[in-house]
Amino acid sequence: MTRPRSSIDAPLWAKGRTLSFAIAAVSGGVLDPRGPIAADNAQILVNALAIMLAIVVPTLIATFVFAWWFRASNKKAIYRPDWAYSGRLELIVWGIPLLVILFLSGVTWIGAHDLDPARPLAGETKPVEIQVVSLDWKWLFIYPEEGVASVNEVALPTDRPAHFSLTSATVMNSFFVPQLGSMIATMNGMVTQLNLKADRPGDYYGLSAQFSGRGFSDMHFVLRALAPESFAQWMADARKSKAPLDEGAYLTLARAQTTSPTQFYGSVDQTLFEKIAARRLTSEAGPVSPPSQAME
Amino acid sequence: MFGKLTINAIPWDQPIPLIAGAAVGVALLALFTWVVVKGHLPYLWREWITSVDHKRIGVMYVLLGLVMLLRGFIDAVMMRTQQAVAFHAPGYLPPHHYNQIFSAHGTIMIFFAAMPIIIGLMNFSVPLQLGVRDVAFPTLNSTGFWLTATGALLVNVSLVVGEFAQTGWLPYPPLAELPYSPGVGVDYYLWALLISGVGTMMTGVNFVTTILKVRAPGMSYMRMSMFCWTALASNLLIVAAFPILTATLIMLALDRYLGFHFFTNDGGGAMSLFVNLIWTWGHPETYILVLPAFGIFSEVFSTFSGKPLFGYRSMVIASLGICLISYCVWLHHFFTMGAGADVNAVFGIASSVIAVVTGVKIFNWLFTMYGGRIRYQTPMLWSLAFVVTFVLGGMTGVLLAVPPADFSLHESLFLVAHFHNVIIGGVVFGCFAGVVYWFPKAFGFRLHEGWGKAAFWCTLIGFYVTFFPLYAAGLLGMTRRLQHYEVAEWRPWILAAVVGVAFSAVGMLCQIIQLVVSIRDRAQLRDTTGDPWDGRSLEWATCSPPPAFNFAFLPDVKGEEPYWAMKQRAIETQHLAAAGEYQAIEMPKNSATGFMTAFFATVIGFGMIWHIWWMVGAGLVGAYAGVVWFAWRDEDEYAVPASEVQRIDGERRRAREELLARNANVSGAA
């Protein structure tokens with residue numbers, strides 16, 4: 001009953017492989033930030049690491065020194081077989097970790113508030129609105145104000161922040177562009193918020209961080225940070241696509257249980273995202289029943 | 001007749017599980033044949049399968065855990081090698097198989113390797129350290145073990161009959177719901193864990209009762225060994241947390257079997273409810289595992305430094321502190337689900353507070369070494385490596401507890417490296433230290449030191465070479481559970497990790513060789529004294545292996561480290577304390593209840609998984625009949641005659657007197 005599912009794996013991942021050659025994937029990672037959020041995340045990571053190293057390094061040194069000096073064969077070391085308590089040391093033992101964590105808690109509190117994904121970025125420029133839907137196993141991006149949509153490729157101008165509203169048509173995923181910072185979960189029937197900005201033009205690798213099933217490994221996309229004029233050009237190119245993203249086109253896309261090549265839709269049903277998020281438009285009969293062994 | 005089960009449930013098209021399954025099947029058959037032909041079956045049945053002796057049950061738990069550790073490790077090797085070859089390539093494991101492997105790896109390692117070894121060590125040592133003859137509920141203890149074995153069996157059956165879950169080790173809905181996981185994989189997961197979860201719960205109840213109510217005369221709380229304290233904290237967590245796991249999994253099972261909507265996308269289900277519930281169990285679970293390991297390290301540091309544990313009271317407070325705080329941090333497993341800044345900050349800070357109490361423990365272990373005479377035998381090497389490794393893993397854990405840092409690292413290989421760093425560095429090293437430390441007590445001979453040290457160094461190097469590259473890959477944005485990938489920057493780190501796995505594999509091999517060599521050379525490695533490590537707690541007061549009744553006379557405890565005090569008195573006076581009048585000792589009788597219950601639980605579980613309802617019914621009837629039969633018993637104890645007690649204790653006293661004379665000569669000569 002369940003076994004035949006394996007037989008449909010082969011074509012799927014083979015397909016994913018050829019596709020990925022088209023997407024030149026480069027990931028500089030979270031310590032090579034290309035936007036303010038990623039930079040702040042990385043900074044807080046480095047700060048917290050430095051604070052802890054201040055206590056960890058002496059602890060490790062003490063471990064090795066004690067372990068070496070008090071070895072049984074060292075006749076110079078003083079043996080104190082009954083020494084098991086010292087009030088002064090107890091004070092240090094409790095005090096030092098407490099102080100470090102108090103300090104770190106301050107960092108945590110401020111950081112969690114400043115870098116809350118839902119918090120709009122400072123600045124007066126109006127953010128680009130982008131709606132994101134995670135599908136089995138691809139990403140749909142809708143620009144409601146521009147009226148275009150794309151699959152597995154998303155563009156941002158470098159002079160404006162972007163505000164993402166995210167949901168999932170199927171299972172949970174997580175939207176993540178390592179070089180721009182903060183990931184956020186996409187969940188069915190819910191909308192999460194994320195604010196990001198790209199500082200420099202470039203193609204950045206994006207992927208799902210939350211395991212979502214068979215085609216999960218192919219669920220990556222390109223985030224193109226473009227200079228303002230290039231962004232306008234990208235928009236214009238996308239708008240040239242004849243295909244509209246209406247309910248029918250969406251359901252076709254959502255029900256295809258594979259990843260997808262980059263696609264563009266020149267016009268978009270403006271209420272589509274709300275309908276998906278509110279579950280008024282659902283693609284799920286679940287995955288289609290597995291094809292028979294005949295595929296081989 | 002057979003529900004969803006057909007001949008196609010066996011993966012005829014997949015050589016790896018088929019060959020592995022066949023090999024295990026043949027090996028088991030050979031072992032069974034050997035047992036039957038050699039006539040060992042009655043012995044096995046009498047002395048092990050139906051035994052309610054906490055020491056025997058402890059040994060069986062550890063054995064089960066070690067075998068499952070090997071199984072989980074093979075999964076790990078497959079995952080790492082798959083990722084090593086699956087760069088711009090499909091690799092050798094298709095997603096259907098790869099996803100089962102990482103799900104099985106996590107499930108097996110946590111529930112059927114780490115838990116059984118930890119529970120086994122508690123089973124073996126806690127009653128001995130408390131100076132008593134058994135746990136509070138011996139038959140319940142046996143039942144708990146066999147139900148755990150049922151869970152392990154079901155997970156392994158899924159290798160060749162059907163499939164295992166492809167959802168990760170925690171089956172997050174909606175992925176684990178019927179529309180997205182229509183196969184039997186998630187059902188195998190659910191029934192394996194529901195059944196073994198009942199077993200774990202029994203253990204928790206049993207040990208909380210034992211430690212609170214069954215202690216030697218004079219063994220007040222503040223005289224208990226640190227291992228007993230951490231065992232108490234761990235079992236309190238089991239009692240409070242495992243019902244949450246069971247309830248959550250039952251809700252998921254109701255969704256899958258009866259069309260409920262607890263966690264579904266439709267019908268008002270809330271998958272975030274599952275995520276919250278599973279982690280209110282899941283976070284305490286990590287401390288259920290690591291607290292007893294902390295206890296083992298405390299014993300080892302103190303014994304091998306030749307000093308009492310430094311800051312005993314602080315250690316007790318820290319253990320109970322961890323027990324409490326571990327309930328207030330679960331949300332740090334999903335900061336990225338958009339809970340909001342206040343919630344994230346509160347849970348982030350609560351998580352860092354655990355680092356304070358853990359830091360206290362680390363410092364106290366350091367000061368236990370300070371002023372000591374440290375003997376570097378294998379348990380001490382594991383403990384020292386634990387301190388260094390755990391401090392590093394704790395540090396990356398605190399990094400992940402800072403929400404903005406977690407936003408960039410969650411679900412990445414950095415996270416994977418972190419929890420392996422603390423679980424291997426803490427729990428696994430603790431298990432190995434505990435096994436080497438208590439092995440001579442359990443079997444009467446030591447493990448071979450040379451092979452033990454070889455295993456230690458290979459495992460240690462293997463750990464660092466595997467997981468520090470994974471930290472780097474995570475910082476480069478590589479997320480977990482990828483069956484293939486295309487990012488060139490990740491590749492070198494993944495290849496480095498394979499080298500580490502090779503070291504770990506040699507380490508595993510050394511462990512097996514160590515066991516074989518030690519059994520072969522058991523005559524030379526014999527522990528005649530019962531006190532091979534110059535120990536301090538009560539388990540070293542009896543002989544190795546201890547008699548069924550543990551102690552001829554329950555020890556009269558007059559302070560901390562009772563056995564150390566007895567030993568010092570004996571050395572001072574050059575005499576053992578006088579023996580009293582030997583009396584017959586009543587011990588619990590063997591019972592097949594546990595084994596029978598687990599047999600029927602296996603039948604129920606298998607029937608539920610494959611929708612074979614008559615089988616479920618038969619299993620329920622059988623299990624209930626077994627309980628009734630047990631409840632109707634007339635006698636549940638047998639008496640060890642006074643003469644037998646005298647004979648066994650006489651031998652022990654002779655060995656001790658010899659040891660005393662030998663030591664006196666040595667110190668006289670010096």
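Me: Which helices of chain B do the buried residues of α15(B) pack against?
Reply: In this predicted model, where local features need pLDDT of at least 70, side-chain atom pairs count only at pLDDT 80 or more, and totals for chains, interfaces and linings use all residues, a residue is buried if 20 or more other C-beta atoms lie within 10 Å of its own, C-beta atoms being placed from the backbone. Residues are numbered from 1 along each chain as its sequence is written, with chains lettered from A and ligands numbered from 1 in the order in which they are written. The buried residues of α15(B), among them Ile494(B), Val501(B) and Cys510(B), pack against α3 (54-85) and α14 (449-475) of chain B.

Me: What span does helix α15 of chain B reach from its first C-alpha to its last?
Reply: Helices are DSSP runs of H or I with at least four residues, and strands are runs of E with at least two, numbered from the N terminus. The expected span is 1.5 Å times one less than the number of residues. Helix α15(B), residues 491-520, has 30 residues, and its reach is close to the expected value, at 44 Å.

Me: How are α11(B) and α13(B) oriented to each other, roughly parallel or roughly antiparallel?
Reply: Axes are lines fitted to C-alpha atoms, for helices over the stretch in contact, and angles run from 0 to 180 degrees between N-to-C directions. Angles under 35 degrees count as roughly parallel and those over 145 as roughly antiparallel. The axes of α11(B) and α13(B) (residues 413-443) lie 8 Å apart at an angle of about 160°, and the two helices are therefore roughly antiparallel.

Me: Which element gives the largest share of the side of chain B that touches chain A?
Reply: Between the chains, 91 residues of chain B are in contact with 88 residues of chain A. The elements of chain B giving two or more residues to this side include α4 (95-130), α9 (312-325) and α10 (341-369). The largest share, 17 residues, comes from α10(B).

Conventions: Contact = placed C-beta atoms within 7 Å. Parallel < 35°, antiparallel > 145°, perpendicular 65-115°, else oblique. Buried ≥ 20, exposed ≤ 12 C-beta atoms within 10 Å, placed from the backbone.
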